[in-house]
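Me: I have a structure open and would like to go through it step by step. Could we take it piece by piece?

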Amino acid sequence: MKRRIITTGDGSNTIQIEDWNEQYHSIHGAIQEANHVFIKHGLLFFIENFQNRGPIHILEIGFGTGLNTFLTLLKSGKTKTQIHYTGVEAFPVKEEEISQLNYVKELKANAELFSELHDSSWEIQQDITDIFKLIKQQKEFKDIEDKDSYDIIYFDAFGARVQPELWTEDIFKKMFDALKVNGVLVTYSAKGSVRRAMQAVGFKVEKLPGPPGKREMLRAFKEA
């Protein structure tokens, strides 16, 4: 399928899959969306409400361009939070596409850190900083079998319009099982079918205001 780099509403880049008319991030702003959904309502919410002394374990469903990972890495440095990050991706982004992304410039961040995220080997845990550990796993989401392992899940799969099989009860049961008690899952989606699939497997689900260009998003909890 044909892919191209496009500029979103906040000036940051994303990848568009033209055959699907689908993007890796919101056309209204890639960085804005990631910060709102995954950092504000995921990571920072968890730190404020559930953080203990140990590291926070995060699972990202759709490593993609590495934007969510990069923002989490930067926030870990600012908040002095230890993070163990697992990024799952079935189809890794190509190097030539990564080189065209402008996240370092837009965030005025360290280019070496962004490169380290993408240059790190797959399937091997890497120490990106002294408080941020990363492991990237190349596999399909249906093959995730972790149990009670994560504090936060960033659910950032392609939309249900183009890949409905990623938003089913079967997938969300795997997410529920992978979370620890009091774990949190956040996603940009607010579809009724997605909310109902989450609730059917045991999640408590709430609607939150969405990022720019989107009315709502979902946050789900695995309660004791």
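Me: Where is the place of F70?
Reply: F70 is in helix 2, which covers residues 67–79. Helices (H or I, at least four residues) and strands (E, at least two) are DSSP runs numbered from the N terminus. Please note that this is a predicted model, in which local features need pLDDT of at least 70 and side-chain atom pairs count only at pLDDT 80 or more, while totals for chains, interfaces and linings use all residues. Residues are numbered from 1 along each chain as its sequence is written, and side-chain values use heavy atoms, with hydrogens and water left out.

Me: Does F70 count as buried or exposed?
Reply: F70 counts as buried because its relative accessibility is 0%. Buried means under 20% relative accessible area, exposed means over 50%, and partly exposed lies in between (1.4 Å probe, protein chains only).

Me: Which residues is F70 in contact with?
Reply: Leaving aside neighbours within four places in sequence, F70 is in contact with Y103, V104, L107, A109, N110, L113, F114 and L117. Contact means heavy atoms within 4.5 Å. The C-alpha atoms of F70 and L113 are separated by 7.9 Å, although these residues are 43 residues apart along the chain.

Me: L113 again: which residues line the second largest pocket?
Reply: The lining consists of N35, I39, L71, L74, K75, K78, L107, K108, A109, N110 and L113. Helix 2 gives the most, with four residues, and helix 1 (30–49) also supplies at least two. A pocket is found on a 1 Å grid over the protein atoms alone: it is an open set of points with protein on both sides within 12 Å along at least five of seven lines, where a 1.4 Å probe fits, and lining residues have an atom within 4 Å of a point.

Me: How much space lies in that second largest pocket, and what about the largest pocket?
Reply: The second largest pocket holds about 170 Å³, and the largest pocket about 1,100 Å³. Of the 44 residues that line the largest pocket, the closest to its centre are E22, A157, F158, G159 and Y188. A volume is the space filled by probe spheres set on the grid points, which are joined across faces, edges and corners.

Me: Next topic: in what order do the strands of the eight-strand sheet come?
Reply: This open sheet has the order 6-7-5-4-8-9-11-10, with mixed pairing. Strand 6 (126–127) and strand 10 (204–209) stand at the edges with a single partner strand each, so one side of each has no neighbour in the sheet. Two strands pair if DSSP finds at least two bridges between them.

Me: How many bridges join strand 10 and strand 11?
Reply: Strand 10 and strand 11 (residues 216–222) pair in the antiparallel sense over six bridges. The bridge partner of P209 in strand 11 is E216.

Me: Finally, which residues have the most contacts inside the largest nonpolar core?
Reply: They are F155, F172, L185 and F203, in a core of 68 residues. The largest share of this core, nine residues, comes from helix 1. A nonpolar core is a set of buried Ala, Val, Leu, Ile, Met, Phe, Trp, Tyr and Cys residues joined through side-chain atoms within 4.5 Å.
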